[in-house]
There are 2 protein chains.
Amino acid sequence: MVKINPNFQKLPGNYLFSEIARRVSAHAAANPGKKLIRLGIGDCTLPLPPAVIKAMSAAVEEMGKKESFRGYGPEQGYEFLREAIAENDYAALGIKLAADEIFVSDGAKSDCGNIGDIFDKDNSVAVCDPVYPAYVDTNAMAGRAGDHDGDRWTNLIYMPCTAETGFMPEPPKRTPDMIYLCFPNNPTGAAATRDRLSLWVDYAVKNGSVILFDGAYEAFITDETLPRSIYEIKGAEECAIEFRSFSKTAGFTGTRCAYTVVPKALKRQGESLNSMWNRRQTTKFNGVPYIVQRGAAAIYSDEGKKEVAANLAYYQKNAAVIREGLTKASLSVFGGVNSPYIWAQTPGKASSWDFFDLLLNKAGVVSTPGAGFGPAGEGYIRLTAFGDAEATIEAVERIADSIR
Amino acid sequence: MVKINPNFQKLPGNYLFSEIARRVSAHAAANPGKKLIRLGIGDCTLPLPPAVIKAMSAAVEEMGKKESFRGYGPEQGYEFLREAIAENDYAALGIKLAADEIFVSDGAKSDCGNIGDIFDKDNSVAVCDPVYPAYVDTNAMAGRAGDHDGDRWTNLIYMPCTAETGFMPEPPKRTPDMIYLCFPNNPTGAAATRDRLSLWVDYAVKNGSVILFDGAYEAFITDETLPRSIYEIKGAEECAIEFRSFSKTAGFTGTRCAYTVVPKALKRQGESLNSMWNRRQTTKFNGVPYIVQRGAAAIYSDEGKKEVAANLAYYQKNAAVIREGLTKASLSVFGGVNSPYIWAQTPGKASSWDFFDLLLNKAGVVSTPGAGFGPAGEGYIRLTAFGDAEATIEAVERIADSIR
C-alpha cells in the first residue's frame, strides 16, 4: 500500500491566496454588478513592454519555420539570456558572475520551493514573521517545519518583524541552517540597508548557514544607497542563493520567467551547491520556453529598459497614492517606498481578516490580510501598487470612506 | 551548519543526456566540418504547426494591450485548455474526466519528478529496466532508491524488459508501492495491449499501489486495438496518475507544455491525491505561460489536428525507414511501430557505449546507448524518429556502411 507524504496532512487550511480568491468569488456572486478593485495579489495590470512583444512575436515566427525552429533548449536557460542577466543585473553593480551561476526558470515561486531539494530534511529553517507563505508551506511539505500547532510550525524559527524594529528580523537564539530573507520585503515593504544585509552575511558565513535571498522586488528600489543584490555584500557568494523574477519587473506574472543565482563559491560539506542545483534542474526541469526567454532578454535592450522604467514609475506612483491616501485617512502605513507593497495597520486593533472583510464588503477593495503571512502579520493588511492608476485612486478614496 | 541532501552524493556520474552531449561536443571539436546526424535525443525537428503559430501570435498581441493583458493564470492551467484536453484526449476515447482532474504543466519530465512530493519517502518504487532515467534519478534524490552499487540502486525494484518477454515487465516478487510504467515505451518502443495494462491495473488496485503512467508517446499509436490512455482500463481511475505531453505530439520540446491527470477517485489513506497534487502545484508552481497554453489549445482545432497528424506521419515514416534499413543491415530491431523509438541490438555483442562511440566516430550518427537506461539496456542502442527525413535516410545508410 502506497504511503502518502504525511506532511501534507499537517498543512492548515488553504493556501492564503486561494482562500482570498474563495471569499472574493463568494462576495462577487452575492453582489453582482458591484465593481471590485483588486489590490490583494501582487499581479501586474500594465501590458508587456513593446520591446518584449516585438521579441516574442519574432520568436513565435522563428518557431514556425524549419530552419529556425528550436527544440529542447538548455535546462539552465539560453546563453543569450544568462549573459544579459550577468551583464545588466550584476556586472552593472560591480558583481562578477559567470553565466553558469545563473539558472533561468519559470518562476521565483517554483525555485524558492524547489531549492529545498538540494538540502537535507533535517536542517533548521528560519523565516521572517510575517512571511511570503510559499517558503513556509514548501518546507512544511518537505518535513522541515514539524507540526502545526494552530498558530505556528513547531520546528520553524520565526523572526518577528514588527514596527518596533522597522520590520527587520534579528538573528534568532537558535541558529538556523537555512535562512529565508526577502528585501524589499513581501509583505511589509521594508527595504534592507547594506549594513543590515552585512550583518546577515557575516552571521551565515560564521555559522555555515545558507541565506535564501528573495530579490523579486529589487526593481522597486529607488534609494541609491540600498543594495540591489545580496552579492553587493562581501562574502555573500559563499553563503547566499539569490532568487530574481521578471514578474514584477516587466509584467511577466502570466508569462513566467525568473532566475536563480547559485554562486560557484558556495560550498557545503565539500559539495558545490551550483553543481547540485544544476543536477536538480537538469533532472527535474526542461527549461523555459524559447519564446519567453527571447521576451525576457528584450527587457535589457535600450528600448526595453526605457519601457520597463516607465512601467515601474507607474506602479511607484500608485504606491505613493496608497501610502499618502491611507496616511491621510489616519491609518499607520509602512512600505510603499522602494517597494510595491503597502503594509497598513488595521484601525481599532481589528483582526486582519475582519478588516479584509470590511474592505471587501464596504469598500469593494480586495486586500491581503496580514495574518495570512504569519502570526506577526495580525493587525495588518497588505495592499499592492500593481493596480490600474485610476482604480487605485478610487480604491484609496473608498477605503477612506469606509473607515471614516 | 547547513546539511546538503545526502542523496545527491549517491548519484553516479552525469545524467545520461548530459554525458552524450559531452561526448558529442568533444567529437565535434575534434572533427570540425564533419556533418553529424542526431538521432539520439527525442527532439523534434519540424516547426510548430501553423495553427499553433497563429494562436501564439494572437496571444502575444493580447499580452501587449492593457485590455487583453493576462497576469497570473490558474496554477492548474486555463479552463479553455483543460476542457479541450478532457474533450479531445479523453471523452473521445469514452473516458469521462472533469477539467479539474487535469493539471497543465511545463513538462512531463517536471511532473514525473515532482509527483514524488506527494508520496512518502519510504515507499518502494518499481521501474522497468531499461527505463527513462528521470524516474530513477528523481526517486534517488528523494531517498527512495537507497544506494547505488555501481550498477543498480539497492532499494529500487527493477522489472527487466527483454526481447524474450516482448519488452513487457512482469509484476515483481516484492510488491512495489509506486510503479512507473511508460507505454509506448521509452526507450524500447514497445506498446502495451489492453490485456497487459489490465493486468497492471488489477495488480495495483489489489495491492494499493499507485501506477505512474507516462503516456508521452501516445500520439504515435497507430494500432487501433491498443489503449491510448490507462483510463481506458477499468479501475485505473482508482490507482493511476497519467502524464501526457505536447512535446512529441506537436513539437513542443522547446515550447514546454504538458499535463498530468490525477483522478478524483484516486485516494490513499483517506486523502485525495488530486487535492494533494493541487496543493503541491498551487504552492510550488505558478502555471504555464498564457501564450503557450493558447498554442497548445490550438492543436485541438480542426486545422491543428490535421497539421499535427501530418507531422506525426512524417516522423512515423522516419521510424519505418530506420526500422527497415537497420533490419536490412542485419541488426535485430524492435519498436518503431506505434512509437517514435527504435531499439536496436548492438552487433557482435558490443557494449552499448562502444557501439554508441562507433556510430559517432564511423557513421557520424548520434544514438543513445541502451546501458544509459539501465542494466538491461546493455547491448542495445536507441534511435529516434524525430530527425529530418533526408538526414534519417542518410543516417541509416551510414550506419549500414559502418557495420558492414
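How many residue pairs are in polar contact between chain A and chain B? The points below take up this question together with related features of the structure, which is a predicted model.

1. Polar contacts and salt bridges. Between chain A and chain B, 39 residue pairs are in polar contact, counting pairs in which both residues have pLDDT 80 or more. The salt bridges between chain A and chain B number 8. In one salt bridge, the side chain of Asp137(A) meets that of Arg279(B), with an N to O distance of 3.7 Å.

2. Elements on the chain A side. The side of chain A that touches chain B draws two or more residues from each of α2, α4 (108-114), α5 (133-141), α8 (273-284) and α9 (290-298) of chain A. Of these, α8(A) supplies the largest share, 7 residues. By residue class, this side of chain A divides into 34 nonpolar, 25 polar and 21 charged residues.

3. Extent of the interface. The size of an interface is often given as the accessible area lost when the parts come together. For chain A and chain B the buried area is about 6900 Å², and carbon and sulfur atoms give 58% of this area. Within chain A, the residues that lose the most area to chain B are Val2(A), Tyr72(A) and Arg279(A), which together account for 11% of what that side buries. In terms of contacts, 80 residues of chain A meet 80 residues of chain B.

4. Helix α9 of chain B. This helix, residues 290-298, is largely enclosed by the rest of the structure, because 8 of its 9 residues are buried; the cut-off for buried is under 20% relative accessible area. The buried residues of α9(B) are Tyr290(B), Ile291(B), Val292(B) and Gln293(B), together with Gly295(B), Ala296(B), Ala297(B) and Ala298(B). The cover over these residues includes elements of both chains: α2 (50-63) of chain A, and α2 (50-63), α3 (79-90), β2 (102-105) and α10 (302-328) of chain B.

5. An open sheet in chain A. Four strands of chain A form an open sheet with antiparallel pairing, in the order β11-β12-β15-β14. Its edge strands, β11 (333-335) and β14 (368-369) of chain A, each pair on one side only. The partner of β11(A) is β12 (residues 341-345) of chain A; these two strands run antiparallel and are joined by 3 bridges. Across this pairing, Val333(A) stands opposite Ala344(A) of β12(A).

Key:
Residues numbered from 1 in each chain as written. Chains lettered and ligands numbered in written order. Predicted model: local features only at pLDDT ≥ 70, side-chain atom pairs only at ≥ 80, totals over all residues. Heavy atoms only, no water. Buried < 20%, exposed > 50% of the residue type's maximum accessible area, 1.4 Å probe, protein only. Contact = heavy atoms within 4.5 Å. Buried area = accessible area lost by both parts, 1.4 Å probe. Salt bridge = Lys/Arg side-chain N within 4 Å of Asp/Glu carboxyl O. Polar contact = N/O pair within 3.5 Å; in protein donor to acceptor, adjacent residues only side chain to side chain. Nonpolar A, V, L, I, M, F, W, Y, C, P; charged D, E, K, R; others polar. Pairing = 2+ DSSP bridges.
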